[in-house]
Amino acid sequence: MTMQKYDIEKLRDLPIEGVAERLGLQVSRHKCLCPFHDDHHASMSFKVSKNTYRCFVCGESGGPIDLVMKYLRKNFLDATKWLADENNIIMTEYKPHPSDLTPQPSFNAERFEKYFEHPWLNDEARRFLFDERRLDARVVCWCRLTSWRDRQGVPWLQIPYYNKEGHLVGVQNRNLVRGALPRFRFPQGSQCGIYNLPVLNMLRPGEDLYITEGCSDCWAMLSAGHKAIAIPSATLLTKEVRGKMEEVRDKLSISFHMYPDRDAPGERLFLQLREVLPSLVHHQLPPGCKDFGDYYKGKQ
Ligand SMILES: [Zn+2]
């Protein structure tokens, strides 16, 4: 399945300033420092009405997809995938005019809770979790992973997000068709910031907590016998996640560990996280393993 023209149009309509902020650019009054030349004067400006950016010094210009392609050095397809994955965060974090903000729709936990009471895994979900990822069945059970099929027959893995108190605060759906887009879907109002927060209640002082990028690495970490939480797999830490991690740091005297993905974004995320958690321990994945999930399944 490839990305439909319609989906690409939707990505082109993502607010350009929201995309820029998600990339880490500091936008103020429709301007920011140009990331494409050594800029000290906010030469890049955004035209919200046309959803474009332009630097009047180096001449770089374009729309949301161009910005992602150039800034993250991705090709068109990878840039659209990145935007599709980030779409939810961009739409919830981007708040252009605080004065006329319409209230965010809240998450309807009651509607979704019942799906996780009796989790059920279809063949595709079992294949993904047990054959492909080699996860421990107890972990899948603890995480209450379940599955469903949409009207087009597409199989989805349904991942519940609970807060520390055990209340359902969001749901992430993962497309189980390999390579299909969109890869993730979030019901309205879902708060999918930090994954597996209930595990914090099980930590004793001095114990190790592993932080992974994304929930599939978290399941691998749990299957390997570690206590773990996941932060969204993304280029940057969101303000919300940063704040939550500060809270965890201040409330619990535990030590923090991470196996960053073996690539530049993985290392960048580690460094960002270490600003919040100065004692964060860096663990190196062996060569040939791109992330912890990869490493874990190789050992099974
Ligand atoms: Zn420039």
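1. Let's start with Arg 242 and Glu 275, which form a salt bridge with their closest N and O atoms 3.7 Å apart. The term stands for a side-chain nitrogen of Lys or Arg within 4 Å of a carboxyl oxygen of Asp or Glu. This pair joins distant parts of the chain: Arg 242 belongs to helix 9 (residues 239-251) and Glu 275 to helix 10 (residues 264-276), 33 residues apart. Helices (H or I, at least four residues) and strands (E, at least two) are DSSP runs, numbered from the N terminus. Arg 242 is partly exposed at 25% relative accessibility, while Glu 275 is exposed at 60%. Here buried means under 20% relative accessible area, exposed over 50%, and partly exposed in between (1.4 Å probe, protein chains only).

2. Before you go on, keep in mind that this is a predicted model: local features need pLDDT of at least 70, side-chain atom pairs count only at pLDDT 80 or more, and totals for chains, interfaces and linings use all residues. Residues are numbered from 1 along each chain as its sequence is written, and side-chain values use heavy atoms, with hydrogens and water left out.

3. How many salt bridges does a search of the whole structure find? It finds 14. One of them pairs Glu 207 with Lys 227, with 2.8 Å between the closest N and O atoms. Again distant parts of the chain are linked: Glu 207 sits in the loop between strand 8 (184-185) and strand 9 (208-213), and Lys 227 in the loop between helix 8 (215-223) and strand 10 (228-231), 20 residues apart. Glu 207 counts as buried, at 19% relative accessibility.

4. Now look within helix 9. Lys 251 and Glu 247 form a salt bridge, their closest N and O atoms 3.6 Å apart. Because these two are four residues apart in helix 9, about one helical turn separates them. Lys 251 is exposed at 64%, whereas Glu 247 is partly exposed at 44%.

5. On to the metal. Which residues coordinate the zinc ion? They are Cys 34 (SG), His 37 (ND1), Cys 55 (SG) and Cys 58 (SG), at 2.0 to 2.3 Å. Donors are N, O and S atoms within 2.8 Å of the metal (3.2 Å for Na, K and Ca); water is not among the atoms, so sites may look incomplete. The zinc site is tetrahedral, with angles of 103 to 115 degrees among its four donor atoms; that label asks for four donors with all angles between 85 and 135 degrees. Along the sequence, the donor residues follow the spacing C-x2-H-x17-C-x2-C. Cys 55 is buried at 1%, but Cys 58 is partly exposed at 35%.

6. Finally, the rings. Rings of Phe, Tyr and Trp (its six-membered ring) pair if their centres lie within 6.5 Å; planes under 30 degrees apart are stacked, over 60 edge-to-face, and the rest tilted. That rule gives 10 aromatic pairs. Tyr 195 and Trp 219 have ring centres 6.4 Å apart and planes at 80 degrees, so they are edge-to-face. Tyr 195 lies in the loop between strand 8 and strand 9, and Trp 219 in helix 8, 24 residues apart. Tyr 195 is buried at 3%, and Trp 219 is buried at 1%. Tyr 259 and Phe 292 make a tilted pair, 5.0 Å centre to centre with 50 degrees between the planes. Both Tyr 259 and Phe 292 are buried. Ring pairs also link Tyr 210, Tyr 259, Phe 292 and Tyr 295 into a cluster.

Note on methods:
Four donors count as tetrahedral if all angles lie between 85 and 135 degrees; four count as square planar and six as octahedral if opposite donors are over 155 degrees apart and all others between 65 and 115; anything else is irregular.
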